[in-house]
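User: I have a chain open here and would like to go through a few spots with you. Can we begin with one side chain and its polar partners?
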Amino acid sequence: MAETTLFSPYKMGKFDLSHRVVLAPMTRCRALNGIPNAALVEYYRQRSTPGGFLITEGTLISPSAPGFPHVPGIYTEEQVEAWKKVVDAVHLKGAIIFCQLWHVGRASHQVYQPDGAAPISSTSKAISNRWRILMPDGSHAVYPEPRPLETTEIQHVVEDYRQAAVNALRAGFDGIEIHGAHGYLIDQFLKDGINDRTDEYGGSINNRCRFLMQVIEAVVAAVGADRVGFRMSPAIDHLDAMDSDPLNLGLAVIERLNKLQSNLGSKLTYLHVTQPRYTAYGQTESGRQGTEDEETKLIRALKGAYEGTFMCSGGFTRELGIEAVAQNDADLVSYGRLFISNPDLVLRLKLNAPLNKYIRKTFYTQDPVVGYTDYPFLSNVNENQALSRL
């Protein structure tokens, strides 16, 4: 049998992928007033390959969900109609695209909230001054104190996720990814370093997983398990998202996902796990520098436990991606920053061609071209022909 590589085909549930390089979800702040526009159409079109898999930037499930300027939503008819143009452009290139559903929870500010209200969360604890929030005028501010959701309010948020998933499929998306990572709302319920609730959504691991599982069950009931992915990051400290036992937390979530899949007789499309090296300071939740060996042990434990397609992300290079697939540490590898600056990243990785360097200062600007769709492709190379030959 041929050796499995980063560029081997893969059967992801009902989807036939031609390679295992995935566009990771990345906030880019180009959807002016929350509406996908022509710039987004071009951005996703550029990064599409026949049989390739793309995940959108975090897409807001409700008016209370944002924590960045000009991020797209999927909760109004205007947003649904606008996303159709993006999806159509991706499909015309033969690619598959999922919409990542996002609520930032406490990682927000009154300026982004309806009527200037406090952000909602599992807790009243604010994100520490170690972190700053990007404001609409480009300045940075401290995170405010959030308002903990009343027990009776939580089902309304679950319904927002369910309706957003339905809207995404109406827009033509092939499926959705539930964002449960990186210190955002679902992670704020999962992590014991944040969740200090005393109701049925706090305390034990079972209680802390309750909100997540209610969201997943509601979304699966609405659109089918085979169109749902889930992203988690049990071992990173982004936005103070710390847990006292990240491996146990990750395994507890996986145990519940496996049980759900068994009961349904159908698997989720995938589980997407962010490596600890994703963190802003390259540290583990304990504040010390993590090692590649520690990360490998964690990821292998999670992959070994999960019964389904396993995707990794977080600082992957060409070499690390090739190694992860070859050693069966991941079925798929998602790339973020390298995909920002290399719209033809799949081809460049296959050819081992030089990569464009990304320009960090343009990651979160509103310019529809600069730092967004103006990164160059390899010259004098027909991408489709080259990919078909390799």
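User: Which polar atom of the backbone lies 2.7 Å from the side chain of Asn342?
Analyst: In this predicted model, a polar atom of the Asn342 side chain lies 2.7 Å from the backbone nitrogen of Asn356. The side chain of Asn342 also makes a polar contact of 3.1 Å with the side chain of Ser341.

User: And where is Asn342 placed?
Analyst: Asn342 sits in the loop between helix 10, residues 337-341, and helix 11, residues 345-351. Once neighbours within four places in sequence are left aside, Asn342 is in contact with Arg348, Leu355 and Asn356.

User: Is Asn342 buried or exposed?
Analyst: Asn342 counts as buried because its relative accessibility is 0%, and the cut-off for buried is under 20%.

User: Helix 10 came up; what do the buried residues of helix 1 pack against?
Analyst: Helix 10 is one of the elements they pack against, together with strand 3 (21-23), strand 4 (53-60), helix 2 (77-92) and strand 5 (96-102). The buried residues of helix 1, which spans residues 38-46, are Ala39, Leu40, Val41, Tyr43, Tyr44 and Gln46.

User: What caps the N-terminal end of helix 1?
Analyst: Asn37 does, with a side-chain oxygen that lies 3.0 Å from the backbone nitrogen of Ala39, and Ala39 is itself among the buried residues of helix 1.

User: Changing topic to the backbone: what is phi of Cys29, and what is phi of Asp115?
Analyst: Phi of Cys29 is near 60 degrees, a positive value in a residue other than glycine, and phi of Asp115 is likewise positive, near 60 degrees. Cys29 belongs to the loop between strand 3 and helix 1, while Asp115 belongs to the loop between strand 5 and strand 6, residues 120-121.

User: Buried or exposed, for each of them?
Analyst: Cys29 is buried, with a relative accessible area of 0%, whereas Asp115 counts as exposed at 85% relative accessibility.

User: Zooming out, how many helices and strands does the chain have?
Analyst: The secondary structure comes to 12 helices and 14 strands. The radius of gyration is 20 Å, close to the 21 Å that the globule rule gives for 390 residues, so the chain is as compact as a globular protein of that length.

User: What share of the residues is buried, and what share of the contacts joins residues at least 24 apart?
Analyst: Buried residues make up 59% of the 390 residues, and among contacts between residues at least 6 apart in sequence, 73% join residues at least 24 apart.

Key. Residues are numbered from 1 along each chain as its sequence is written. This is a predicted model: local features need pLDDT of at least 70, side-chain atom pairs count only at pLDDT 80 or more; totals for chains, interfaces and linings use all residues. Side-chain values use heavy atoms; hydrogens and water are left out. Helices (H or I, at least four residues) and strands (E, at least two) are DSSP runs, numbered from the N terminus. The radius of gyration is taken over C-alpha atoms; the globule rule is 2.2 Å times the number of residues to the power 0.38. Buried means under 20% relative accessible area, exposed over 50%, partly exposed in between (1.4 Å probe, protein chains only). Contact means heavy atoms within 4.5 Å. A polar contact is a pair of N or O atoms within 3.5 Å; within protein, one must be able to donate a hydrogen and the other to accept it, and residues adjacent in sequence count only if both atoms are side-chain atoms.
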